[in-house]
Amino acid sequence: MSNTTVYEFPLKEKVRNYLRIEQLMGQLKLGAAGLDNGLSLYFFEQLFTLLDLFERIDIRTDIIKDLDAHEKNLVHWSQLPNIDNDALQQTLKTIINVRDQLKVSKKISAELRDDKFLASIRQRFAIPGGTCSFDLPNLHYWCHRPIAARQEDIKQWIMSFALTEEAISIALSFLRERTAFSATEAANGFYQGVADDRNELIRIRCDTSEEYYPVLSGNKYRYAIRFMYYNPPEGRSGAVEKPVQFDLAAC
């Protein structure tokens, strides 16, 4: 495949939360890198979305369980022959350190929830157009502070997520590397698979030049993939009705 993209579909709620947090962190940093007011507002939108997510879920419990499992696997793998023991021990050390810090850390959103400036502007972001200067003069003032001062504030806010971000990065890295891609065919644009107890994430890699994309439905026991046209041919449904070649990894 010359021009490909990877789609990821979680089979468990835990992994769905991991992927959402990973994407929001990427968007948060994109907003943090901008120096104009538009990207500053984008930064705060992602920041408050992350806070809302962390306040609704107990992600720390899931992360600690996953890190415990990875530690046990690494200890087991260390006893196998032909293992890069130095790299394994370094990874094991990182996992233990991150897990132990998570166990004694405050709730992820606690520090930012107590920030007076963030608390004073947060509710207005839920209102369409609610961030105008007449609504939030304090935010307007912040956006016109010296760049160095704004960047220092942003750095401190992002650091509140650093430990959780690292832990989720480790968990997703182990998950994605669990299974390699294998060539697969969807007869008439449809493929059905059976998941085992280990499967938590379905990864699909396909050619973007073919004008279609995959849609997945299912749960931790079985799943179905249907390929859909981005722009359906005239007079036809959106579903692809021909064989589709793609790569599949059931992780």
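Biologist: Why is Q46 called buried?

Modeller: Q46 has 8% relative accessibility, so Q46 counts as buried; buried means under 20% relative accessible area, exposed over 50%, partly exposed in between, with a 1.4 Å probe and protein chains only. This is a predicted model, where local features need pLDDT of at least 70, side-chain atom pairs count only at pLDDT 80 or more, and totals for chains, interfaces and linings use all residues. Residues are numbered from 1 along each chain as its sequence is written, and side-chain values use heavy atoms, leaving out hydrogens and water.

Biologist: Which residues is Q46 in contact with, leaving aside its neighbours within four places in sequence?

Modeller: They are L24, Q27 and L28, where contact means heavy atoms within 4.5 Å. Q46 itself lies in helix 2, and buried residues there include F43, L47 and L50.

Biologist: What span is expected for helix 2, and what does the helix reach?

Modeller: The expected span is 1.5 Å times one less than the number of residues. Helix 2 (residues 37-56) has 20 residues, and its 29 Å from first C-alpha to last is close to the expected 28 Å.

Biologist: And why is L80 called partly exposed?

Modeller: Because its relative accessibility is 40%, L80 counts as partly exposed. L80 sits in the loop between helix 3 (59-77) and helix 4 (85-104).

Note on methods
Helices (H or I, at least four residues) and strands (E, at least two) are DSSP runs, numbered from the N terminus.
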